[in-house]
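Reader: Hey, I've got this protein open on my screen and I'm a bit lost. Could you walk me through it?

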Amino acid sequence: MKVGFIGAGRMGQAMARRLIEAKHDLGVFNRTPDKIKGLVDAGAKAMALIAEAARHGDAVFTMLADDAALDDVAGQKGGLLESLPQGGVHICSGTHGIGVIRRLKAAHTARGQILVAAPMLGRPEMVASGQAGMVVAGPAEALARCAPLFAAIARRSFEAGAEPEAATAIKIANNFVLGCAIEAMGEGFSLVRKYGVVPQVFNDVMTDGLFACAAYKAYGKIIVEETYDRVGQMATLGLKDANLALAAGEAVGVPLPSGNVWRDRLVGAVAHGDGGKDWAVMALEQARAAAGEKDVSLGGGASVAQQYLAAGLLDELVVSVVPILLGGGARLFENVGDVKLEQVESVEAPGVEQRISVDAIQSISILGTGAGSVLNQGITRFFREYPYSRIGLRCVLTNDQFSVNGTIHDGGKEYLVRRGFLRGVDVVNQNPENVISFRDMEERIKRISRRPQAPSAGSQLN
Ligand SMILES: NC(=O)c1ccc[n+]([C@@H]2O[C@H](COP(=O)([O-])OP(=O)(O)OC[C@H]3O[C@@H](n4cnc5c(N)ncnc54)[C@H](OP(=O)(O)O)[C@@H]3O)[C@@H](O)[C@H]2O)c1
């Protein structure tokens, strides 16, 4: 079937891909054209204008952020209302308010066009894996005509009747229940955490028993792993949904007291700078509330820490260092602005997280990525320049001290680096017990790397 598609955001991308995979002839428009490149590579046709997408086939999807975007795309000069042919179907899949859907239905009907509301149930990854659902409502003939499109995108489409707003009401109510569930999960997790429970255990109990379903599993996992920066739906869009729910309730005199909690949590999240994160950050808001004046801790890798550092939200870092000297990865203090840090504590015990100075971590990350000014491209270049046959280091970081031992033993010597057949520099550890500071070690390696290559030169790191 020929079909247009407007809005290649997170959800739009995943939906459009499924339509392409099902061999529909797809014409895609996005306000930011760069985002459709991948879809065009996958077989879609690029549409430069909303009007082109509207006229591409018998139907056109919109998958837009909010009511303002929908009003804009539909109402602007050359927009959907002006461009969709008579009898054409607008399949509106974003989560929108009852009011805008009513207005849009009237405007389309006045032009002999048809509105089908088809909001999505599920996050982008669920759409991609064919697990998402869809609620569809509109004239029966239009629903039948579009059924192959719905089948391509969703595991199941739930027909909600002839009035598009019925699907909208269901979607809003569904998100209301989901938002409250995430809020309840956040509260549950913060309670057990206060009693020292490992969050994963509570998650196992919750999702194996009463709440063994997709929503609890997906959001419980996000809360346990604190992967709020892996965004399915942004907190700002979650807040939009909470406002839609409260407005829908107020319009018909239905109180939604839990909805106010849901909304306020998201207002707090946005105020704390988390609007661009996944809307599960509600759980983080609850953690903040539960902490009172106490600490809120957030787990994650370098990328999470960078974002929070950049936002100025971290007071203290606890860094667990895995002493892998070589390799890539994100550098902790890159693009985080001018952060002033001081060492707080070093903990020395096996299996205990080491709290070490920021200087040492920065040095490790510079060495680890083979970059930085200190070693002029770092240890990676150093090793590239010398054709060693064997490199054997055992590095131990204790507090701020770094000890390096060679693991190559030959002729009573301990080598860190054993040269190749003809060329290279042996690096002998003359003092295996030596413990040096990170800065000291950098200095020593710098000295070695500056030495001219000599066929049989010996060097030492001690
Ligand atoms: N993400 C989810 O898990 C999920 C699940 C179910 C339903 N939904 C709903 O689906 C809708 C889309 O969500 P999403 O996560 O895909 O959002 P998103 O990634 O932020 O994408 C929003 C899309 O809307 C477009 N847009 C925004 N304002 C526009 C304007 N004034 N004119 C033209 N285009 C405009 C954006 O274009 P640009 O690329 O140019 O910004 C982008 O294509 C929302 O209503 C959301 O509530 C989301």
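Predicted model: local features only at pLDDT ≥ 70, side-chain atom pairs only at ≥ 80, totals over all residues.

Reader: OK, so how many helices and strands does the chain have?
Author: The chain has 18 helices and 17 strands. Both are DSSP runs, numbered from the N terminus: helices are H or I with at least four residues, and strands are E with at least two.

Reader: And how much of the chain is buried?
Author: Of its 462 residues, 39% count as buried. A residue is buried if 20 or more other C-beta atoms lie within 10 Å of its own, exposed if 12 or fewer, and partly exposed in between, with C-beta atoms placed from the backbone.

Reader: What about contacts between residues at least 6 apart in sequence, what share join residues at least 24 apart?
Author: That share is 65%. Two residues are in contact if their C-beta atoms, placed from the backbone, lie within 7 Å.

Reader: Switching to the ligand: which residues come nearest?
Author: Gly9, Met11, Arg31, Thr32 and Ala69 do, out of 26 residues around the ligand. Being near a molecule or strand takes a C-beta atom, placed from the backbone, within 6 Å of it.

Reader: Which helices supply at least two residues of that shell?
Author: α1 (10-21), α4 (67-75) and α12 (235-251) each do.

Reader: What's the shell like by class?
Author: Ten of its residues are nonpolar, nine polar and seven charged. Here Ala, Val, Leu, Ile, Met, Phe, Trp, Tyr, Cys and Pro count as nonpolar, Asp, Glu, Lys and Arg as charged, and the others, Gly among them, as polar.

Reader: And where does the ligand lie relative to the domains?
Author: The ligand lies between domain 1 (2-162) and domain 2 (170-291), because both give residues to the shell around it. Those bounds come from an automatic or database domain assignment.

Reader: Now strands. Which way do the side chains of β5 point?
Author: In β5 (residues 89-92), Val89 and Ile91 point one way, His90 and Cys92 point the other way, and all are buried. In a regular strand the side chains alternate between the two faces of the sheet.

Reader: Which strands does β5 pair with?
Author: β5 pairs in the parallel sense with β4 (residues 59-62), over four bridges. It also pairs in the parallel sense with β6 (residues 114-117), again over four bridges. Two strands pair if DSSP finds at least two bridges between them.

Reader: So what does Val89 face in those strands?
Author: Val89 stands opposite Ala59 of β4, and its bridge partner in β6 is Ile114.

Reader: What about the sheet with β7 in it, what's the strand order?
Author: That open sheet has three strands in the order β7-β8-β9, with mixed pairing. Its edge strands, each pairing on one side only, are β7 (120-121) and β9 (156-159). β8 (residues 133-136) and β9 pair in the parallel sense over four bridges, and Met134 stands opposite Ser157 in β9.

Reader: Which helix lies across β8 and β9?
Author: Helix α8 (residues 140-153) lies across them, running at about 165 degrees to β8. Axes are lines fitted to C-alpha atoms, for helices over the stretch in contact, and angles run from 0 to 180 degrees between N-to-C directions.

Reader: Is Glu141 in that helix buried or exposed?
Author: Glu141, which is found in α8, counts as exposed because it has 10 C-beta neighbours inside 10 Å. Its C-alpha is 9.6 Å from that of Ala162, 21 residues apart in sequence.

Reader: And Gln307, buried or exposed?
Author: Gln307 sits in helix α15 (residues 302-310) and is buried, with 20 other C-beta atoms within 10 Å. The C-alpha atoms of Gln307 and Val336 are separated by 7.4 Å, though the two are 29 residues apart along the chain.

Note on methods: Residues numbered from 1 in each chain as written.
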